[in-house]
Amino acid sequence: MSASNATATSISHSERRTLQRFLGLYAFLALLILILGSTIYYKLQKDLMLQTKRLELEEYSKELIDGLKLLHIYFDRYRTYPRNPLYRSAIYDADSVRIFSTLDDPEGVQLDKVIYTTGRVIQYIHVLDSYYLGAKYVVVEIDDDRKWFVQTWKNILLYGGALLALFLTAGLVLVRLFLAPMRHAIRLLDRFIKDTTHELNTPVNAILTNIEMIDTEHLDEKTTKKIKRIEIGARTISNIYQDLTYLILHHKIASQNREVDMSHLVQERIDYFKILGESKKIEFETDIQPGVKLYIDEGKAARLVDNLLSNAIKYNRRGGEIFVRLRPGELLVQDTGIGMDQSAIKDVFKRYKRFDTSVGGFGIGLNIVAMIAKEYNLHIDIRSKKEKGSEVYVRW
Amino acid sequence: MVGSGRRSLVVGRWIRALTVGALLLGSAQLLADRGKNIYERNCVACHRKLPVALDKFFFNYLLKYSSERRVKEALQRFLKHPTKKKALASEELINQYGLMPKTELSDTELRRAIDTYWETYKVFGKIK
């Protein structure tokens, strides 16, 4: 259960990013389509409303024109503009000069259109054949009650929202479908590692304890060398085992944080790794200030230091050097190895990312370092130059 | 002393402005009067003899040409070269009284007469 949890988290991290990116793009496209659809729908609704109102306004304009005609004929006797409380109107001459108006805002009239809404009023323009009183354009205006507008927006939001939700659900399902093979592969890999790990512990410990028990003084030089090689191999396996156990079990085991004497710990781990370094003729140089303390789980601190040291050995050249410096608040592990590009640095913390596949390993070392650093708010700074080596700073 | 000097200067400027204004107003009035005279003598005098009043013609022009600019242009065109085709009067009227004679006024005088005609019968500002 715990193992599957641990792997699930590791999948879900990368998965979530893919998911977010995909859904982001998907939602953007879906939104684009919805906006397009909504725009068309809105325009249609507006046109529909205007068409309905147009019939009414045409009636009004006819009535008004009749009034204008009478006024035109009997202008020497009557001069009262035909008015109706149902609508407001205005007349303009052929040069668009306003002759008379009862409109609320006669300035904004668009004589080149037929019917339109300003949002507040609906205006209908009728072009006369006979210019009674010199009027070529008759403008009839009624209030826009905005009911259609509210209704249209309600529909857009309601159906648009429902559609968007549908799109997103479909997108989510699609992503899960696409990611299924990847998940499967990762789960297989994780399970394989987990199973392997379980089988490693006993034999490795058996080898290591038995090597320790061998009395090398009574052996000839050749055999001592061979035994040393066996010890190096066993320690390497042991280190890998520790990493894997951490990965698989770290969610299950609660951290036992306490003040850890880092000076002591770092020195101890260097001593442990010296023998591994010897196989590549790597010299350790240390500058460890005594009494440096850090509030951390000791096992995790050991994993952190181990992984930095093991990488420094793994990616070092033959006969290279490793410099370890410890100061309050900072640990530096510097190697004289192959180094890496700036672009590669940001990827080093990814699980199963192996910078140099010619060197052994699973690519989990720096992933563990990153996990521990995150848990204890340690800041990790990697500076690297190709062919010159890398410097890893851990600061707290 | 200095203050009163400045005040007299200001007063002087006012008087000058007022004089110029009055002169401008006067000349405008003068022009309008001249237009009115031309209109009275050359248009009204003759049209008075017709059974159809001048305002009826005006409203016919309005009905056909709509705006001030277009009415004035049409009037000018017709008065300079009257033809039956251009005439807005009814056929019976033309048959009975004949087509209007070509104007003998100069372009400026004609324009002033038409302006007066427009001002007399225009609907702008008269609708209530």
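Reply: Two residues are in contact when they have heavy atoms within 4.5 Å, and on that rule the contact takes 17 residues from chain B and 24 residues from chain A. This is a predicted model, in which local features need pLDDT of at least 70 and side-chain atom pairs count only at pLDDT 80 or more, while totals for chains, interfaces and linings use all residues. Residues are numbered from 1 along each chain as its sequence is written, chains are lettered from A and ligands numbered from 1 in the order in which they are written, and side-chain values use heavy atoms, with hydrogens and water left out.

The size of an interface is often given as the accessible area lost when the parts come together. Here chain B and chain A bury about 1700 Å² between them, with 61% of it on carbon and sulfur atoms; buried area is the accessible area (1.4 Å probe) that two parts lose on being put together, summed over both. Of the area that chain B buries against chain A, 36% is supplied by B:Leu63, B:Ile127 and B:Lys128, more than by any other three residues.

The count between the chains is one salt bridge, a term for a side-chain nitrogen of Lys or Arg within 4 Å of a carboxyl oxygen of Asp or Glu. B:Arg69 forms this bridge with A:Asp95, and their closest N and O atoms are 2.7 Å apart. On the side of chain B that touches chain A, the elements giving two or more residues are α2 (54-65) and α3 (68-80) of chain B, where helices are DSSP runs (H or I, at least four residues) numbered from the N terminus. The largest share, seven residues, comes from α2(B).

Leaving aside its neighbours within four places in sequence, B:Ile127 is in contact with several residues of chain A, among them A:Phe75, A:Tyr81, A:Ile91 and A:Leu133. In the largest nonpolar core, which has 53 residues, A:Ile91 and B:Ile127 touch the most other members. Such a core is a set of buried Ala, Val, Leu, Ile, Met, Phe, Trp, Tyr and Cys residues joined through side-chain atoms within 4.5 Å, and buried means under 20% relative accessible area (1.4 Å probe, protein chains only). Helix α1 (residues 2-73) of chain A gives the most to this core, with eight residues.

Terms used:
Buried means under 20% relative accessible area, exposed over 50%, partly exposed in between (1.4 Å probe, protein chains only).
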